[in-house]
Amino acid sequence: DADDELVIDEDVLSMKSVLPSDGEEDKKKFDIGTRTALEMAFATDKSVRHGRLVKHLKADVLASINENGASVKSTNEPQDAEAESPSNSIDGPRALVIEGAALEHLLGDAELEELLFAVANTCDSVIACRVSPAQKAQLVQLVRRYVVPEPVTLAIGDGANDVGMIQEAHVGVGISGKEGQQAVNASDFAIAQFRFLEDLTLIHGRWNFMRMVQVTLFCLYKNWLVAGCMIPFCGPTLFSGTQFFDMWNVSAFNFVAAAPIIFLGIFDRCLDKDYVKGNPEVYYPTRRNELVKKRIASRWGLFGLIHTLTLYFLSLPALAKGGGGSTSAFFGLMSIANSGRPGDGEVGDLKTIGFVIFSCVIIIMVLKVIYESNSIIIGQFPACTCGKSKGEGWINRLSYTWIGNVYLSLLIFVIFMYIYSMMGQVIPNNYLLAFLGTVNHAYQTSTKNWMVITLVPVAGMLFDISLKVFGNLFYPTQTQIHREIFVRRVKEQKSLSTESNMLIKSPSDQNSVSC
């Protein structure tokens, strides 16, 4: 019946398209006074800090929801600016179709541009046809200028007329095809077909965003460790500039510590591809840049401070006690000491103490990388085989986690230090002679050093473990919740596959017994 159809006043619709919406009505539903001090100070999820959970609802609102049986999904989920768009006030999607001839009159005038953007912002899609390359770039610039805060824009094209648009956007994607390679040469990423854009943005884009955040934080963290151990050493040395670590050890630090971080930035992934596609809410933390907030950076700075204090004040008093005559409490490694070399087995000299604490810095750095990794790649052994039954190439069977953290970091560090400590016998240099035999002296003649190297990094990591367990139990992030759901699903699938295999094998087993 035509009389029952919803009649929409076009003038009212046009007015609603330019009216601002700040979500004040939704904010009035919550009582921010019910937030706890830990929620405001400790939680990383913005919805928890701002009091946007069901438990933060006002009593009358919660009573009306329970009485009417309404859904509380909209109040339990994070309030997003796009979800509050006035386009949702009218049923049905809306789109804007505009030609290049119309854009010639609109673009270039500040008031008309703002009006055009206000109308386009209320639409689900905007189609611009018969536009010039310059107008394509101006449309991207329109979005960057009028959206506050400025969003990350993406432009995709396959021809030379898309180069200006690709260069104007933050991220440019070029499609290689029959139109030539101009768009590919001007883009940040190149794909062969348009259908690959989904995996590029939704899967690899999310993975790489989280990886780059981890790599950036680790680069700051590792420098905090080295510099943090040098700062408190200035006090006992009366700010004389005495070096706590050997200068070649510090020079090799970035090389040794780079492999675990690089492998983390290449292979780490928090959720599986299929799960991410099926749960679009996992994009909320990355879209709101919750991983690069000052809160997260300050938390990593706190970790660096605690680890620095642990490394310095738990190692130095134990190693320096007794001065140069300090030796191990047990004979142990002293059985191989050279009686003709005075001081063999004593651990109170500056070079030995600095080298032992520097070894603790490398170990705690590796432990931190392993602990913060979302995926541990164990691989298969042996990776290289002559058979063809594996189904995958040897490069896919390598244990990249242990290659990056053990072989290319710890093992390379030990080998380099042994070579460096013996170079003084070949090259008569004052710096090399000062470190001559230090590694043999530290690793092979003192059990006290091994106690410090073993226990101090573990003691430093106890703070990380305690804080993360507390956070995951009481104030988990959205990503952590989805990770637990994903792991539970994987376990259920494994149990179901195991049960199905047992059911398949059971008839054959019964037949074999009857025979």
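A residue counts as buried when its relative accessible area is under 20%, and by that criterion buried residues make up 35% of the 515 residues in the protein chain. The model described here is a predicted one, and its protein chain has 22 helices and five strands. Among the contacts in the chain with a separation of 6 or more, 69% are accounted for by residues 24 or more positions apart.

**Helix 8 and helix 9**

- The axes of helix 8, residues 110-121, and helix 9, residues 133-146, come within 11 Å and cross at roughly 85 degrees.
- On the side of helix 8 the contact is formed by Ala110, Glu113, Glu114, Leu116 and Phe117, which meet Leu142, Val143, Arg145 and Tyr146 in helix 9.
- Sorted by class, this contact between helix 8 and helix 9 has six nonpolar and three charged residues, with no polar ones.

**Helix 21**

- Helix 21 covers residues 447-474, and at 1.5 Å a residue its 28 residues should span 40 Å, which agrees with the 41 Å that separates its end C-alpha atoms.
- The buried residues of helix 21 are Lys448, Asn449, Val452, Ile453, Val456, Pro457, Gly460, Met461, Asp464, Leu467 and Gly471.
- An α-helix has 3.6 residues a turn, so residues three or four places apart point the same way.
- The partners against which the buried residues of helix 21 pack are helix 16 (294-320), helix 17 (350-372) and helix 20 (438-444).

- Strand 1, residues 95-99, has Leu96 and Ile98 on its covered face, whereas Ala95, Val97 and Glu99 lie on the uncovered one.
- Five bridges pair strand 1 with strand 2, residues 125-129, in the parallel sense.
- Within this pairing, alanine 95 has serine 125 in strand 2 as its bridge partner.

**Strand 3 and strand 4**

- Strand 3, residues 154-157, likewise has two faces, with Ala155 and Gly157 on the covered one and Leu154 and Ile156 on the uncovered one.
- Strand 3 and strand 4, the latter made of residues 171-175, run parallel and are joined by four bridges.
- Isoleucine 156, which belongs to the uncovered face of strand 3, stands opposite valine 173 in strand 4.

Definitions and conventions
Residues are numbered from 1 along each chain as its sequence is written. This is a predicted model: local features need pLDDT of at least 70, side-chain atom pairs count only at pLDDT 80 or more; totals for chains, interfaces and linings use all residues. Side-chain values use heavy atoms; hydrogens and water are left out. Axes are lines fitted to C-alpha atoms, for helices over the stretch in contact, and angles run from 0 to 180 degrees between N-to-C directions. Contact means heavy atoms within 4.5 Å. Ala, Val, Leu, Ile, Met, Phe, Trp, Tyr, Cys and Pro count as nonpolar, Asp, Glu, Lys and Arg as charged, and the others, Gly among them, as polar. The expected span of a helix is 1.5 Å times one less than its number of residues. Buried means under 20% relative accessible area, exposed over 50%, partly exposed in between (1.4 Å probe, protein chains only). Two strands pair if DSSP finds at least two bridges between them.
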